[in-house]
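Work through the exercises below with the sequence and the structure at hand. Try each task before reading its solution.

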Amino acid sequence: MIGFLFVVSFLGLFSLVPLRKVMVMDYKLTYPSGTATAMLINSFHTSTGAELAGKQVRCLGKYLSMSLSWSCFKWFFSGGKSCGFDNFPILGLTLYKSTFYFDFSPTYVGCGLICPHIVNCSVLLGAIISWGFLWPFISQYAGDWYPADLESNNVKGLYGYKVFIAISLILGDGLYNLCKIMAITVNEICNKSSKQSNLPVTADALADGEASKLLTEQRRRDQIFLKDGIPSWFAAAGFVGLAAVSIVTIPVIFPPLKWYLVLSSYIIAPALAFCNSYGTGLTDWSLVTTYGKIGLFIIASLVGTNGGVVAGLAACGVMMAIVATAADLMQDFKTGYLTLSSAKSMFASQLVGTAMGCVIAPLTFWLFWTAFDIGSPDGPYKAPYGVIFREMAILSTEGVSELPKHCLAICCGFFVASLIINLVRDITPKKISQFIPIPMAMAVPFYIGAYFAIDMFVGTVILFAWQRMNRKDAEDYAGAVASGLICGDGIWTIPSAILSIFRITPPICMYFGPSLIS
């Protein structure tokens with residue numbers, strides 16, 4: 001894994017470096033997250049911003065400590081299957097069987113505090129549709145639509161409906177947004193070439209004094225951004241050299257992925273990286289997984305049943321690594337441009353961070369893989385996207401004949417519904433569209449379960465009440481509280497994994513069952 005990451009993760013960094021001036025200075029793409037980060041960094045250098053940052057750090061530390069202590073406390077009561085606060089049937093045992101329960105997870109509550117209200121409500125709606133109505137309905141036809149005696153993770157049973165209906169929603173949403181962003185990109189490029197740019201840039205109609213000040217600041221940014229430039233020949237040589245190494249190395253790691261398929265991926269990847277980076281700059285929406293799915297379907301179907309699954313997944317990893325890192329780097333260039341940072345320093349930092357990730361990520365995965373049952377549909381770490389991408393690869397090689405009865409028809413229905421919902425969101429006024437659910441968010445609980453949707457909804461309710469009582473405090477500290485909750489719970493997974501590796505189990509099993517009194 002470390003070797004694979006080292007040969008593919010750096011290519012995206014070199015692919016778009018020659019276009020950094022075009023993307024940041026000429027097209028003046030906003031990169032909303034990068035701009036927001038730059039504004040935050042710049043605010044730290046004011047007296048008011050520094051004081052607020054100190055309070056936010058203290059707030060984060062307080063909630064991190066609380067979350068870590070709570071996660072440690074929960075562990076002592078989880079000594080068995082379905083034990084502990086993670087399986088607390090707060091809504092009753094009947095709904096608990098359909099995964100509707102609150103598991104006291106600081107991570108998911110923190111996610112609810114960070115995510116927009118519409119995302120959290122979309123997740124809850126998806127949980128209600130799937131686990132409240134759809135799965136109980138399909139379960140009635142066990143023995144007719146699918147064999148009733150299959151294991152819980154057999155795609156020919158109910159599990160197949162859960163996975164592929166979720167895939168259909170994700171593909172519908174991803175395909176719609178891919179077409180939408182490609183259309184926006186083409187339209188803006190055409191407008192730019194005809195000198196009728198509608199890109200979100202600062203208006204020129206300003207007072208003379210203010211315009212002169214802004215022009216001076218922009219010239220200073222341009223000068224610093226270009227001063228420590230990265231030579232185009234260096235970027236081209238880095239890309240070609242790494243591609244050559246990858247073409248030789250990847251077929252050794254994954255034999256079904258032949259060298260000419262890797263070469264084809266590297267020829268196409270820079271164009272896709274540009275499209276994704278441009279779209280991210282306009283909309284702040286990175287469609288990395290969609291580009292990865294395109295590569296997966298094409299390569300898996302070309303290779304066929306003899307190794308197509310492995311080849312498709314490996315090609316998907318290659319494509320996603322290049323497209324994602326290119327968009328991230330360009331977003332960081334935008335942040336550096338607005339904070340008067342050296343572009344060369346930003347690039348070097350990305351190289352160092354990527355190298356660290358190539359080692360830390362596989363080691364972290366190994367720790368979890370060794371300590372927990374990763375990917376089990378009944379376990380705490382279901383790894384939903386790992387399962388979903390694998391089933392996509394299998395579908396690409398074996399076709400739809402392996403699906404259970406009526407699964408394809410239901411999937412097509414949800415795919416079309418996903419397209420229609422997105423279209424309605426775009427054509428309706430904002431005062432209406434803000435209440436229309438997001439199909440991508442709805443899809444996640446279809447496979448995972450409803451419990452995390454309950455947690456996230458609790459987070460969004462807390463945030464909503466906080467905003468009603470004191471909106472400024474909520475805006476200033478909600479992110480710090482959420483980060484503390486997520487970090488504290490995440491930190492506890494390390495000692496928890498170590499305890500599990502050494503076979504040290506919790507001493508108590510807190511279990512909930514029906515009353516024994518008749």
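**Exercise 1.** Is Ser82 buried, partly exposed or exposed?

Solution. The model is a predicted one. Begin with the place in the chain: Ser82 is found in the loop between helix H5 (47-75) and helix H6 (93-97). Next, take the relative accessibility of Ser82, which is 30%. Buried means under 20% and exposed means over 50%. Ser82 is therefore counted as partly exposed. As for the backbone, Ser82 is a residue other than glycine with a positive phi, near 60 degrees.

**Exercise 2.** Find the segment that holds Arg503, and decide whether Arg503 is buried or exposed.

Solution. Arg503 is found in the segment after helix H21 (471-501). The relative accessibility of Arg503 is 66%, so Arg503 counts as exposed. Its phi is positive, about 60 degrees, although Arg503 is not a glycine.

**Exercise 3.** Describe the largest nonpolar core and the surroundings of one of its residues.

Solution. Step one is the size: this core has 59 residues. Step two is to name those with the most contacts inside it, which are Trp135, Ile138, Tyr161, Ile165 and Phe446. Step three is to trace the helices. Those that each supply at least two residues include helix H8 (117-139), helix H9 (158-193), helix H17 (407-427) and helix H19 (439-448). H9 gives the most to this core, with 10 residues. Step four is to look around Ile165. Not counting residues up to four places away in sequence, Ile165 touches Leu134, Trp135, Ile410, Cys411, Phe414 and Phe446. Apart from this core lies another, of 58 residues, among them Leu11, Phe225, Ala269 and Phe347.

**Exercise 4.** How many of the residues of H19 are buried?

Solution. List the buried residues of H19: Pro439, Met440, Ala441, Met442, Ala443, Pro445, Phe446, Tyr447 and Ile448. That is nine of the 10 residues, so H19 is largely enclosed by the rest of the structure. Just after H19, Gly449 takes a positive phi of about 135 degrees.

**Exercise 5.** Which residues lie closest to the centre of the second largest pocket, and which helix gives the most to its lining?

Solution. The second largest pocket has a volume of about 1,200 Å³. Its lining consists of 34 residues, and the closest to the centre are Met1, Phe4, Leu313, Phe365 and Gly386. Helix H1 (2-8), helix H14 (308-338), helix H15 (343-371) and helix H16 each supply at least two residues of the lining. H15 gives the most, with seven residues. Sorted by class, the lining has 24 nonpolar, eight polar and two charged residues.

**Exercise 6.** Classify the ring pair of Phe85 and Phe88 as stacked, tilted or edge-to-face.

Solution. A pair of aromatic rings is described by the distance of the centres and the angle of the planes. The count for this structure comes to 39 aromatic pairs. In the pair of Phe85 and Phe88, the ring centres are 6.3 Å apart and the planes are at 5 degrees. Planes under 30 degrees apart count as stacked, so the pair of Phe85 and Phe88 is stacked. Now compare the accessibility of each partner. Phe85 has a relative accessible area of 13% and is buried, whereas Phe88, at 22%, counts as partly exposed. Both rings belong to one aromatic cluster, formed by Trp70, Phe73, Phe77, Phe85, Phe88, Phe102, Phe104 and Phe512.

Key. Residues are numbered from 1 along each chain as its sequence is written. This is a predicted model: local features need pLDDT of at least 70, side-chain atom pairs count only at pLDDT 80 or more; totals for chains, interfaces and linings use all residues. Side-chain values use heavy atoms; hydrogens and water are left out. Helices (H or I, at least four residues) and strands (E, at least two) are DSSP runs, numbered from the N terminus. Buried means under 20% relative accessible area, exposed over 50%, partly exposed in between (1.4 Å probe, protein chains only). A nonpolar core is a set of buried Ala, Val, Leu, Ile, Met, Phe, Trp, Tyr and Cys residues joined through side-chain atoms within 4.5 Å. Contact means heavy atoms within 4.5 Å. On a 1 Å grid over the protein atoms alone, a cavity is a set of points where a 1.4 Å probe fits but cannot get out, and a pocket is an open set with protein on both sides within 12 Å along at least five of seven lines; lining residues have an atom within 4 Å of a point. Grid points are joined across faces, edges and corners, and a volume is the space filled by probe spheres set on the points. Ala, Val, Leu, Ile, Met, Phe, Trp, Tyr, Cys and Pro count as nonpolar, Asp, Glu, Lys and Arg as charged, and the others, Gly among them, as polar. Rings of Phe, Tyr and Trp (its six-membered ring) pair if their centres lie within 6.5 Å; planes under 30 degrees apart count as stacked, over 60 as edge-to-face and the rest as tilted.
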